[in-house]
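Hello,

Here is the structure I promised to pass on. My notes follow below it.

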Amino acid sequence: MTFTIGVITASDKGSIGERQDTSGPLIAEMMKELGGVLKEYVIVPDEREKLANALITMCDDAKLDIVFTTGGTGFSPRDVTPEATLDVIDRLAPGISEAIRMKSLSITPKAMLSRAVAGIRKQTLIINLPGSPKGVKESLEVILPALSHGIGILKGIEGECGGNHKK
């Protein structure tokens, strides 16, 4: 299945050209393997309203299937990506961020400091990822096996999750 993706990098320095974003391009590259086609990519400062507006644009105007954010999920006062996401989603998808944190905790106890969320706006899945390329890679590896099915359900082209369980 082919699906469209957007990437929003939350970075004050990246938004003014003082830091090169490596996490956003990594998301796009890893999603290619699953059939993801990058349609939108922006770097915005760590500002709640700008992040929320970028999310709304990708969901409502571009009508992307998945929007990934990278960065802004920690404890710094400037880390407001989860709040911006919560401002715009209609429904939470907590299992995604819980699975990422659970796997990440087996790597580092600092994973419990992530405030990342995931949710759905209309027919777009939004997933907050860490800001580091290492964190992005580890997080995507956790969710990739279920992501295609979730998007299929969201788009109405696959059935619910009930069948094909191994006993």
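A salt bridge here is a side-chain nitrogen of Lys or Arg within 4 Å of a carboxyl oxygen of Asp or Glu. This is a predicted model: local features need pLDDT of at least 70, side-chain atom pairs count only at pLDDT 80 or more, and totals for chains, interfaces and linings use all residues. Residues are numbered from 1 along each chain as its sequence is written, and side-chain values use heavy atoms, with hydrogens and water left out.

Salt bridges first. The whole structure holds ten. One of them pairs glutamate 138 with lysine 134, with 2.6 Å between the closest N and O atoms. Both residues sit in helix α6, four residues apart, about one turn of the helix. (Helices are DSSP runs of H or I, at least four residues; strands are runs of E, at least two; both are numbered from the N terminus.)

Lysine 155 and aspartate 65 also form a salt bridge, at 3.4 Å, N to O. This pair links distant parts of the chain: lysine 155 is in α6, aspartate 65 in the loop between α3 and β3, 90 residues apart. Aspartate 65 is buried at 9% relative accessible area. (Buried is under 20%, exposed over 50%, partly exposed in between; 1.4 Å probe, protein chains only.) Lysine 155 is partly exposed, at 32%.

Now α5. Its buried residues are Ile96, Ser97, Ile100 and Ser104. They pack against β5, β6 and α6. Serine 97 has 8% relative accessibility. Leaving out residues up to four places away in sequence, serine 97 touches Ala116, Val117 and Ala118; contact means heavy atoms within 4.5 Å.

Best wishes
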